[in-house]
Amino acid sequence: MKFTRTLLSTVVASALMITSANAEMVEDASNMFWGTGDRIEVMEKTGINLGYTKDSDKVAPELTGHARKMDQGIIKVDDNIFMAYGFGLDSPVMIVGDEGVIIVDPGESLEHGLAAKKYLDKYADGKPVVGIIYTHNHFDHVGGVRAFVNDEDVKSGNVKIYAQEGVTEAVANWSSNVGTILGHRTGYTAAFYVEPGEDGSVNDALGPQTQFGTTTFIVPDVTYKDRLVVKEGGFDFELINVPSETKDETVVWFPKQKIVHAAEVLQGENFPNLHSIRGTKFRNPQMWYSGIDVMRELNAEVMVNSHGRPVQGQDNVASVLTDYRDAIQYVHDQTIRYMNMGMTPDQLVEKVKLPEHLANAPWNGEFYGTVNHAVRQMYVGYLGFFQADPWTLEPMQYDERAERMVKLMGGRDNVMKEAKVAIRDGDFTWAAEIMTQVIRTNPDDMEARNLKAQAYRGWAPEVINVNWRNWILTAAAELEDKMDYSSSVNFNSPDVLQALPTKNIFAMLTSKLDGEKSVDTNMTLAIKLPDTGETFALEIRRGVAQFYEKMPEKTDIVVNLNRSLLNEALMGQSGPMNQVLAKGAEAGTFSFEKGDMAGLQTFLSYFPAALAPKDIKLIVR
């Protein structure tokens with residue numbers, strides 16, 4: 001689907017759109033909530049909007065209009081729930097109890113959490129934070145936790161951190177296993193390598209602008225599987241696992257008030273990212289819309305969200321939930337129907353379109369997810385990459401294929417000429433596609449790279465999906481060699497790593513092994529942690545690293561290493577690893593039971609450091 005402004009007018013409702021399913025649901029004039037508002041009050045607006053709200057020929061007007069919905073302020077629901085809206089990608093929510101407060105989703109970073117806390121504290125009546133609720137594992141829902149509490153608060157029992165039981169394992173996956181590439185791709189998705197504004201990010205759809213900074217994490221100490229009832233200290237709510245965007249998603253239900261905190265079961269006022277182009281595992285659409293059905297059965301009268309504005313009125317909440325889940329099911333079911341007719345992803349995106357009543361529903365605008373890339377991922381999720389034509393199982397070698405393609409198209413100069421015509425005619429993606437082959441034959445061809453970048457910059461003003469737009473503009477910057485890598489995203493956050501269980505830290509090393517370098521190596525390192533009583537081991541066995549949760553019979557090196565020293569090394573505040581270990585040896589927190597430093601250094605040399613973002617090219621390759 002090509003996003004043009006003509007198509008946009010039929011896809012996205014305006015700021016005052018009235019849904020066909022419920023003709024009474026309109027926005028409050030303040031743009032801070034939906035519904036009649038007798039239970040919702042805007043306590044204050046800061047006068048700040050972190051999104052780009054100016055009119056510009058470089059930005060689709062619908063996307064600018066979306067940013068204008070994100071004025072920063074504090075919203076109160078009844079007398080005990082306060083939302084810090086517009087301070088970052090998600091909206092931290094404060095629940096006020098008798099003697100303390102609980103924070104739902106503390107933000108994406110320490111900086112975001114502190115900015116929200118400054119305002120939330122005004123309405124806490126001086127009460128301390130006694131609880132944190134992570135609605136799920138994504139960084140924007142856990143990363144700001146240390147703005148509100150610290151490790152001692154949790155260890156002492158003064159603060160409880162609530163989450164579904166799968167959260168910590170999921171955090172370990174994104175922060176370590178695929179952290180390098182996922183962080184880099186997130187930088188493209190958020191246009192973090194280019195200046196924000198009309199030539200970069202204008203808003204992040206879920207919120208005005210992601211507040212990247214110090215990502216923090218504290219492991220939850222109160223976990224549950226399906227449902228947990230909390231009735232103490234003046235709090236009365238239930239935590240309900242509603243698998244949807246993630247399997248560990250937690251919805252907060254206030255039964256007496258008939259209020260539901262929808263977490264990210266709804267991804268704000270946007271069609272959902274049934275697949276995230278930054279990179280995710282398959283998100284099961286059936287699980288997602290079935291999760292929404294669990295929420296529909298609550299018959300909530302007010303809905304608060306991690307992303308997007310509150311909705312008041314039982315009919316209004318029901319309308320939003322129904323339209324949202326129906327859009328997901330429609331796309332899923334029609335994709336499956338056409339897959340069963342033998343269609344490929346390229347054919348599916350031409351056939352599967354939302355019907356008008358769902359496309360025009362006010363929470364279904366394609367600012368965040370799109371039907372287009374959802375359909376492609378569903379195909380891969382169900383059938384895999386193979387589209388049935390056998391040549392794709394063993395195509396010609398990457399570089400040689402590009403050379404032959406360019407030759408077949410009449411050579412470099414002819415392709416350049418055709419690309420310029422395509423750009424003139426507004427066929428931007430075609431121009432970019434054919435120029436890709438030229439660049440593959442010579443990645444240093446700046447004339448070709450600049451022409452492809454020109455195609456992308458021509459396309460960007462037509463696009464309302466922020467993820468697409470950010471990738472387009474970041475791709476252009478990479479082609480033009482104008483990337484600012486100082487703002488890279490680090491999913492291998494030291495603070496997150498030092499908070500994880502020790503098992504996850506060592507287990508993640510298996511995917512960092514240099515297989516070619518170690519193909520003739522057999523070595524086993526055992527690690528004992530005297531201060532935690534744990535023992536782990538890593539065996540390098542001819543190109544494979546196996547992780548053990550107990551001491552193997554045969555070891556080459558055995559070290560005693562306190563977890564406190566490991567944390568110091570992970571935080572990177574005491575210099576290189578050698579310095580940290582030397583310091584530990586002096587302090588008695590590191591020693592060899594078997595082997596020596598030379599052997600340890602040899603073992604660790606098989607696990608090279610991750611590439612820096614500037615060395616990972618996603619477009620020029």
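Helices here are DSSP runs of H or I with at least four residues, numbered from the N terminus. With that in hand, let's work through a few exercises on this predicted model.

**Exercise 1.** Find where Asn150 lies and which backbone nitrogens its side chain reaches.

*Solution.* Start with the two helices on either side: H4 covers 139-142 and H5 covers 151-155. Asn150 sits in the loop between them. Next, follow the side chain of Asn150. It reaches the backbone nitrogen of Glu152 at 3.0 Å, and that of Asp153 at 2.9 Å. A polar contact needs N or O atoms within 3.5 Å.

**Exercise 2.** Decide whether Asn150 is buried, partly exposed or exposed.

*Solution.* Recall the cut-offs: buried is under 20% relative accessible area and exposed is over 50%. Asn150 has 37% relative accessibility, so this residue counts as partly exposed. For the protein as a whole, buried residues make up 56% of the 621 residues.

**Exercise 3.** Work out how the radius of gyration of the protein relates to that of a compact globule.

*Solution.* First take the chain length, 621 residues; a compact globule of that length would have a radius of gyration near 25 Å. Then look at the protein, which has 26 Å, so the two agree. The C-alpha atoms fill a box of roughly 75 × 75 × 45 Å along the principal axes. Finally, turn to contacts with a separation of 6 or more: residues 24 or more positions apart account for 72% of them.

**Exercise 4.** Give the distance between the C-alpha atoms of Asn150 and Asp484.

*Solution.* Along the chain, the two residues are 334 residues apart.

Notes:
Residues numbered from 1 in each chain as written. Predicted model: local features only at pLDDT ≥ 70, side-chain atom pairs only at ≥ 80, totals over all residues. Heavy atoms only, no water. Rg over C-alpha atoms; globule rule 2.2 N^0.38 Å. Buried < 20%, exposed > 50% of the residue type's maximum accessible area, 1.4 Å probe, protein only. Contact = heavy atoms within 4.5 Å. Polar contact = N/O pair within 3.5 Å; in protein donor to acceptor, adjacent residues only side chain to side chain.
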